[in-house]
Amino acid sequence: MRYYDRLIFELSKKGRTGYSLQAPQVKAECTIPSGLLRAEAPALPEVSEVDVVRHYTNLSQMNFGVDTGFYPLGSCTMKYNPKINEEMANLAGFQGIHPLQDASTVKGVKEVYDVLDSYLATITGMKHFTFKPCAGAHGELTGLMIMRSYHMSRGDMARTKVIVPDSAHGTNPASASVCGLEIVVVKSNANGLVDVEDLKPLLGPDIAGIMMTNPNTCGLFEKDIKEIADLVHECGGLLYYDGANMNPLLGAVRPGEMGFDIMHLNLHKTFSTPHGGGGPGSGPVGVCEKLVPFLGQNVSGFNGNFGVIVRALAYVLMLGKQNLRLAGRLATLNANYIKESLRDAYKLPIGSVCKHEFVFDGLIDDGSATGKPGATTLDVAKRLLDFGYHAPTIYFPLLFHQALMIEPTETESKETLDAFIDVMHTIAAEAAQDPEILHAAPHCAPITRPDETTAARNPILKYQDEA
Amino acid sequence: MSTVKEGLLYSESHEWVKVDGPFAYVGISDFAQEEMGDITYVDLPDLENVVKGEEFGALESVKASSDLYAPVTGIIAERNTDLEDQPEALNEDPYGSWILRVHITNPAELDELMDAAAYEAYLAK
């Protein structure tokens with residue numbers, strides 16, 4: 001990889017253009033109030049077409065993605081995105097449509113929505129899905145709006161609180177807050193599961209519902225889910241399932257049968273559509289039968305990110321029932337394989353069988369016996385970059401101070417897992433011998449350690465010409 | 001190992017209280033700032049009152065964000081808005097950097113807080 005760190009503004013040359021256009025032949029009337037018009041043109045970069053192409057191609061070559069290497073980012077389910085998904089989404093009949101064209105001309109599109117709806121309903125035990133939400137947290141917000149609409153439709157206005165476990169994804173309390181609900185935190189017990197005894201006194205006529213992820217962010221199956229569901233339903237609340245961790249449950253357990261009333265799925269996780277910078281995402285929300293009338297929340301202009309929905313359908317059709325079931329189990333097997341292979345070198349706070357992911361709590365021997373400061377989880381993550389891996393999720397969940405959260409997914413071979421395990425052992429041995437190697441890492445990345453503190457305290461958010 | 005300053009009272013959520021006549025100065029302990037890492041942002045909403053155990057603001061660091069919980073009930077006399085421009089003061093001098101000055105309305109609550117020895121034992125747990 002060639003190091004490239006230019007800003008497109010630095011390539012700008014006064015008067016240079018990508019292409020030239022004729023002067024406008026029509027005089028258009030400007031109806032924008034003069035107070036809102038800028039006095040001078042914005043300082044956009046002036047570059048040629050080849051400048052632009054080389055600039056962005058060079059930047060793209062510094063990207064890391066699932067197509068370049070192993071990406072064990074916990075809780076993000078960075079599984080491989082099969083290329084057939086792209087082929088299907090690029091079919092002319094799907095790619096060239098417009099959201100405002102007559103419905104009679106896009107019957108196939110409607111069928112895509114309907115078929116995926118029925119498959120997702122079968123997989124999850126929900127009755128129907130809405131495909132409007134464009135991301136996981138967008139789905140959470142939609143689900144909470146459904147929850148609130150349901151309570152209000154019954155004239156029950158007192159349910160203003162949502163219970164969220166202390167191990168929850170940060171988006172859960174954030175979505176509840178955006179939805180105007182108050183957050184009540186339920187604690188985890190020593191086994192990393194929701195503490196039922198801590199939950200009981202929180203339940204009452206002011207509880208709209210509970211948001212849970214199962215398996216939770218520690219990668220553990222909430223064994224008491226049935227009891228929790230009964231307790232929450234008894235107090236008149238609803239259960240929301242955060243589908244971020246649905247991958248291991250594919251074909252094994254259905255959230256509907258665990259007692260959940262509302263849920264979202266991250267198609268960009270569980271259903272192999274592009275994730276992160278390669279998005280866009282999709283967070284369809286499913287509900288049980290009694291909530292179907294509330295499914296039509298107006299959360300996006302049209303009907304979500306259609307191209308993503310085509311990709312997810314392609315994935316389900318390609319795998320079929322038997323293989324989808326295998327996907328979840330292999331994801332679980334892969335995570336347990338790495339966990340058991342590395343527990344001699346990394347602290348494992350919860351040793352039981354995990355689902356799709358697990359959490360280490362730092363190195364067993366951080367090298368502080370050498371008299372130098374010990375190597376932290378951040379140092380391990382930075383050192384992994386030198387070996388060509390995307391770092392796992394670090395310092396989350398907050399339950400563990402040196403959390404290192406690994407999720408391999410089912411799409412990795414044993415050889416890939418073994419190579420990663422070897423590197424993790426190498427890093428642990430380096431730390432024990434000389435933690436400085438880790439403190440100074442990454443040694444091979446284009447940028448070593450950005451000053452995150454200064455960047456957060458004094459952010460520079462736009463290009464500033466030195467002149 | 002973080003330090004615990006004598007003469008202050010401490011809450012379980014790691015705020016300290018320094019009683020000064022009818023007023024209480026409120027800050028965060030050395031342990032809290034160490035756990036947070038470099039604090040980058042101090043969010044101090046313009047509240048009139050604080051209620052023991054309820055949020056009165058939040059801190060953000062590179063690592064995490066954390067709510068601030070009032071260790072006593074009272075009327076806010078002063079907010080240390082200098083911290084908004086200098087969040088690092090909480091890292092550099094946690095016991096010298098007060099966040100709120102509160103006119104205490106329920107002095108009996110002070111008895112529920114820990115003294116330095118009790119807080120030290122609490123941290124050791």
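Trainee: Where does A:P442 lie?
Mentor: A:P442 is in the loop between α13 (436-439) and α14 (452-457) of chain A. Helices here are DSSP runs of H or I with at least four residues, strands are runs of E with at least two, and both are numbered from the N terminus. Please note that this is a predicted model, in which local features need pLDDT of at least 70, side-chain atom pairs count only at pLDDT 80 or more, and totals for chains, interfaces and linings use all residues. Residues are numbered from 1 along each chain as its sequence is written, while chains are lettered from A and ligands numbered from 1 in the order in which they are written.

Trainee: What kind of peptide bond joins A:A441 and A:P442?
Mentor: That bond is cis, with omega about -5°. The bond from A:F396 to A:P397 is also cis, with omega near 0°. A:P397 sits in the loop between β9 and β10 of chain A.

Trainee: Why do you point these out?
Mentor: Most peptide bonds are trans, and most residues other than glycine have a negative phi.

Trainee: Then what is phi at A:S75?
Mentor: It is near 75°, a positive value in a residue other than glycine. A:S75 belongs to the loop between α1 (49-60) and α2 (83-89) of chain A. A:T77 is found in the loop between α1 and α2 as well, and its phi is positive too, at about 45°.

Trainee: Is A:T77 buried or exposed?
Mentor: A:T77 is buried, because 27 other C-beta atoms lie within 10 Å. The rule is that 20 or more such atoms within 10 Å make a residue buried, 12 or fewer make it exposed, and anything in between is partly exposed, with C-beta atoms placed from the backbone. A:S75 has 21 and is therefore buried.

Trainee: Let us turn to the strands. What is the order in the open sheet of three strands?
Mentor: The order is β8-β10-β9 in chain A, with antiparallel pairing. The edge strands, β8 (358-361) and β9 (393-394), each pair on one side only. Two strands pair if DSSP finds at least two bridges between them. Strand β9 and strand β10 (residues 403-406) of chain A have two bridges, and A:T393 has A:M405 as its bridge partner in β10.

Trainee: And the helices? How far apart are the end C-alpha atoms of α5 of chain A?
Mentor: They are 25 Å apart, which agrees with the 26 Å that its 18 residues (136-153) should span at 1.5 Å a residue. The expected span is 1.5 Å times one less than the number of residues. Of those 18 residues, 14 are buried, so α5 of chain A is largely enclosed by the rest of the structure. A:G155, with a positive phi near 75°, follows α5 of chain A.

Trainee: What span does α10 of chain A have?
Mentor: Helix α10 (residues 306-342) of chain A spans only 41 Å between its end C-alpha atoms, whereas a straight helix of 37 residues would span 54 Å. A bend of about 100° occurs in α10 of chain A at A:G320; the bend is the angle between axes fitted to the seven residues ending there and the seven starting there.

Trainee: Finally, where is B:P94 found?
Mentor: B:P94 is in the loop between α3 (88-92) and β9 (100-104) of chain B. B:P94 is buried, with 24 other C-beta atoms within 10 Å.
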